[in-house]
Amino acid sequence: MSNSYDLIVIGAGPGGYVAALRAAQLGLNTVCIDSRKGKGTKPALGGTCLNVGCIPSKALLESSEHYEQLQTQGLKSHGITTQGVELDLPRLIGRKNKLVDRLTGGISMLFKANGVDSIYGQGKIVSPTQVEVVDPLTGKPSQTLTADHIIIATGSEPTSLPDVPFDGDRIIDSSDALDFSEVPRRLVVIGAGVIGLELGSVWRRLGSEVTLLEAMPDFLPEADRQIAQEAKKQFIRQGLNIKLGARVASAAQQKDEITISYSSNQEHHTEIADKLIVAIGRRPFTESLLSPDSSIALDDNGFIVVDPQWRTSVSSIYAIGDVIGGPMLAHKASEEGIAVAELIAGQKAALSYDAIPSIIYTSPEIAWVGRTALQLKNDGIQFNEGSIPFAAIGRAHALGNTTGFVKILAHSETDRILGVHIIGPQASELIGEAVLAMEFQGSSEDLARTIHAHPTLSEALHEAALAVEDRALHRVN
Ligand code: FAD
Ligand code: NAD
């Protein structure tokens, strides 16, 4: 293996591994360095997303949803009753682990197939064109690589609360919360954000009493208000105990339990838990990455500062993904990776930050793209709104899941789609059509004139588009 490359990518998460693959497709001699090990002792590619994020959490969401449905006789109306439903937690977790192994192994295979060199170790940038590979355990450098370009894709790590330190057992982060050996009786999650809702749902479905302590007074402030209201109603109905305006100060461990202290309405409260997940956001990860004399600029929150072409303050070094801020999403990181690889290969590249979908994989699923009604009002933009409940859609009835609605916001003069908000069955899949429509600068009329297959849930988008001009056909206007 030569030590000289066209491109060194540091970090093999969805930002870094995708950038490396695209660069190799474009003929760049590329190496990707990653310091993560999986559950065994083997290096594991795929970053947070594949190892302890997107994929394992979705595996647990899927399994736990099946369990709850069978356990609560959720198929009774289909004429299917069940008896003796049992939870085999080790097997459920084992399935998740196998899935992670399969997918992380798949990236090694893709690297080989595309001629990307893969090196296990910690990358440390020692000059604008040099990266030292350090053994994460001993801290000793093993080799120095040289390249014309470097991409930093080192991702993020969970934020901790100063007086609630992680102990890997009772007070844990989202990674440990994917691996409980038994279902905790009382589970408290600090933060009712995406992780709190997804992992809170997993363990509630499997039998925990789940309380979410959220500092903000509003539930899901980034989501459309109507969607957030409906989501909160559904989650409370399911048994999630959501406490808003609850700012956690500290947690004390007794023998077998944790006492969590928080303030709400200027009063002091406590909550007792067997396990406590801290899910209050993630922070950029740049530990051991930069030499002390590095001139790569970081902002006040530790994110690497980049220009609109993802260049850091050192022109040969780019940065992408969670480490540069913006929405901490795998698909955002990957698209940035593709764009930067193309720029380095001499092509033009741009990304539509206005059309990045956000999804919460709970039940009901929540998905949106573009701006909310409140954001548009605050920006003084006039818009028309069309919404349709899934109860108006035949396929939703066939599924036995008519919860939720689709809402489309379109410019009042141009009719251009400015935002699409969905809560309900398969929202994560349905949002794709809305993203495409926005990417093509489509109008609600475009969606209304697009033929949607019947019977499908996508007809909800069609009807919502018709509803923008009060001409929905399957509800009384
Ligand atoms: P990462 O995936 O964090 O990868 C960075 C990699 O770089 C890591 O493997 C790290 O070990 C390695 N590294 C760091 N420093 C060095 C160094 N100096 N040298 C070598 N290697 C280094 N996003 C979604 O879009 N959809 C989801 O459903 C979703 N679910 C999530 C669920 C959970 C529980 C969590 C925690 C996150 C989830 N996310 C989801 C967010 C998503 O995982 C991140 O946005 C995404 O992984 C960011 O990709 P990245 O490539 O920037 O960084
Ligand atoms: P988040 O930002 O979604 O939610 C954190 C919540 O914690 C916020 O609502 C915040 O107000 C609250 N909080 C902060 N300090 C608090 C305190 N002291 N007491 C009580 N509440 C407090 O962050 P997250 O849920 O940790 O997720 C991290 C990142 O991972 C997110 O940026 C998200 O985009 C990504 N992620 C995405 C998905 C997905 O796409 N489905 C799933 C999981 C995670």
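Predicted model: local features only at pLDDT ≥ 70, side-chain atom pairs only at ≥ 80, totals over all residues.
The cysteines were examined through the separations of their sulfur atoms, and with a cut-off of 2.5 Å between two sulfur atoms the count comes to one disulfide. This disulfide is formed by cysteine 49 and cysteine 54, whose sulfur atoms lie 2.3 Å apart, and the link is left-handed, with -130 degrees about the S-S bond. The two partners fall into separate classes of accessibility: cysteine 49 has a relative accessible area of 10% and is therefore buried, whereas cysteine 54, at 27% relative accessibility, counts as partly exposed. Cysteine 32 is likewise buried, with a relative accessibility of 1%.

Glutamate 271 is placed in strand β14, which spans residues 267-273. With a relative accessible area of 14%, glutamate 271 falls under the 20% limit and so is classed as buried. Its side chain makes a polar contact, at 3.0 Å, with the side chain of lysine 243. When residues up to four places away in sequence are not counted, the residues touched by glutamate 271 are Val188, Thr211, Lys243, Ile258, Thr259, Ile260 and Tyr262.

Attention then turns to open space in the model. Rolling a probe the size of a water molecule over the atoms shows where empty space is left. The second largest pocket has a volume of about 1100 Å³ and is lined by 31 residues, with Glu65, Gln69, Ser363, Pro364 and Asn401 lying nearest its centre. Four helices each supply at least two residues of this lining, namely α3 (54-71), α5 (194-205), α6 (225-238) and α10 (427-439). The contribution of α3, seven residues, is the most given to the lining of the second largest pocket. By residue class, the lining of this pocket divides into 16 polar, nine charged and six nonpolar residues. Helix α3, which spans residues 54-71, begins at the position of cysteine 54, one of the two partners in the disulfide.

Key: Residues numbered from 1 in each chain as written. Chains lettered and ligands numbered in written order. Heavy atoms only, no water. Buried < 20%, exposed > 50% of the residue type's maximum accessible area, 1.4 Å probe, protein only. Polar contact = N/O pair within 3.5 Å; in protein donor to acceptor, adjacent residues only side chain to side chain. Contact = heavy atoms within 4.5 Å. 1 Å grid on protein atoms, 1.4 Å probe; cavity = no way out; pocket = protein on both sides within 12 Å on 5 of 7 lines; lining within 4 Å. Points joined across faces, edges and corners; volume = space filled by probe spheres on them. Nonpolar A, V, L, I, M, F, W, Y, C, P; charged D, E, K, R; others polar.
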